[in-house]
Amino acid sequence: METAAEQQVTKTIDYFQEIWPALKVWGINLLVTLLILIIGLYLIKAVMKALDKAAWQANADVTLARFMHSFVNIALYILLIFIVAGQLGINTASILAVLGTAGLAIAMSLKDSLSHFAGGILILFLRPFKVGDYIICSEGEGTIQEIGLVYTRVLTKDNKGLTIPNGKLAGISVTNASRMPERRLDITVGVSYDADLKKAKEIIENVYRECPYFVSSMDLQVFVEELASSSVDLGACGYVNGPDYLSARRYVMENIKLQFDAAGIEIPFPQVVVHQAETPPA
């Protein structure tokens, strides 16, 4: 007669014999799943590397290339997760239903962020500006450092970081000062009515042409802008290299003042004349 211990061992052996086919199937399925996961991760890495190489060889826009990299990377990982879940026997339809419900709830709570996301999509595909452009808008101005899916990062001219939501950028007027390689430099300078007008115009023209950033192949105009109450306002417009606009403006303004001083041309400025009444004799 079998002892209690022998009976327990017999029951355990019988139990494992019953579940062994299921364990074998589950083990094989797990190994296949791990193999799919490893191969999938390798393929994703290879695809992303090939995509980046293709974008570089095609000289694609940096902003669009970064967006496509992020989008494709996320999409491939989501696809891999669903393949692995299906291989494990998980009902992917129920996962989709749960994700859909959760996505709706998240969308309601993050509607502002989603509007910024939509704005980022519009900016990336319509491309009103790109990384490296200098923009001017009501939110500020500076050089575009990065265009993300939600925020655009701008470096201001005083070297500060400015983060602007894409939803705002997509809904306001934005001036792209870097759209063309040249940028027009407009100035207005007042001279006195007694000044030699031709000499003043000649000085302004020479300063423009001597500017190291001036584009000599494009039109330069110097003209009388207005006959103001206390000055003759001279206007000038000429083209300079876009990236050097601020340096060109500083150069032109400083040298006009220096050469006006050397030529004895006065730049009027507001003055207050005080007349003191004589004290009547006692």
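Which salt bridge do the side chains of Lys257 and Asp261 meet in, and how far apart are N and O? The two side chains meet at 2.5 Å, N to O, where a salt bridge is a side-chain nitrogen of Lys or Arg within 4 Å of a carboxyl oxygen of Asp or Glu. Both residues lie in helix α7, four residues apart, about one turn of the helix. Lys257 is partly exposed at 39% relative accessibility, and Asp261 is partly exposed too, at 45%. For these labels, buried means under 20% relative accessible area, exposed over 50%, and partly exposed in between, with a 1.4 Å probe and protein chains only.

Before we go on, a word about the model. It is a predicted one, in which local features need pLDDT of at least 70 and side-chain atom pairs count only at pLDDT 80 or more, while totals for chains, interfaces and linings use all residues. Residues are numbered from 1 along each chain as its sequence is written, and side-chain values use heavy atoms, with hydrogens and water left out.

Now let us step back to the whole chain. The protein chain holds seven helices and eight strands; these are DSSP runs numbered from the N terminus, helices being H or I of at least four residues and strands E of at least two. Of its 282 residues, 24% count as buried. The accessible surface comes to about 19,300 Å², and carbon and sulfur atoms account for 61% of it; such areas come from the Shrake-Rupley method with a 1.4 Å probe, and for residues only the protein chains shown count as cover. Among contacts between residues at least 6 apart in sequence, 62% join residues at least 24 apart, a contact being heavy atoms within 4.5 Å.

The interior comes next. In soluble globular proteins, nonpolar side chains tend to be buried together. The largest nonpolar core here has 24 residues, of which Ile187, Ile204, Tyr208 and Phe260 touch the most other members. Strand β6 (182–191), helix α6 (197–210), strand β8 (232–241) and helix α7 (245–263) each supply at least two residues of this core. A nonpolar core is a set of buried Ala, Val, Leu, Ile, Met, Phe, Trp, Tyr and Cys residues joined through side-chain atoms within 4.5 Å. Not counting residues up to four places away in sequence, Ile204 touches Ile187, Val222, Leu234, Ala236, Ile256 and Phe260. Apart from this core lies another, of eleven residues, among them Ile135, Ile144, Val154 and Leu169.

Two loop residues are worth a visit. Ser231 sits in the loop between β7 (221–227) and β8, and is buried at 9% relative accessible area. Its side chain makes a polar contact of 2.9 Å with the side chain of Asp233. A polar contact is a pair of N or O atoms within 3.5 Å; within protein, one must be able to donate a hydrogen and the other to accept it, and residues adjacent in sequence count only if both atoms are side-chain atoms. Leaving aside neighbours within four places in sequence, Ser231 is in contact with Gly190, Val191, Tyr193, Glu226 and Pro268. Met218, in the loop between α6 and β7, is partly exposed at 31%. With neighbours within four places again set aside, Met218 is in contact with Glu182 and Tyr239. Met218 and Tyr239 are 21 residues apart in sequence, yet 6.4 Å apart in space, C-alpha to C-alpha.

Back to charges: the salt bridge count comes to six. One of them joins Lys130 and Asp133 at 3.4 Å, N to O; Lys130 is partly exposed at 35%, whereas Asp133 is buried at 5%. Asp158 forms another salt bridge with Lys160, with the closest N and O atoms 3.7 Å apart. Asp158 is partly exposed at 47%, and Lys160 is exposed at 53%. Asn159 has a positive phi near 65 degrees although it is a residue other than glycine, and is found in the loop between β3 (151–155) and β4 (161–165). Asn159 is exposed, with a relative accessible area of 61%.
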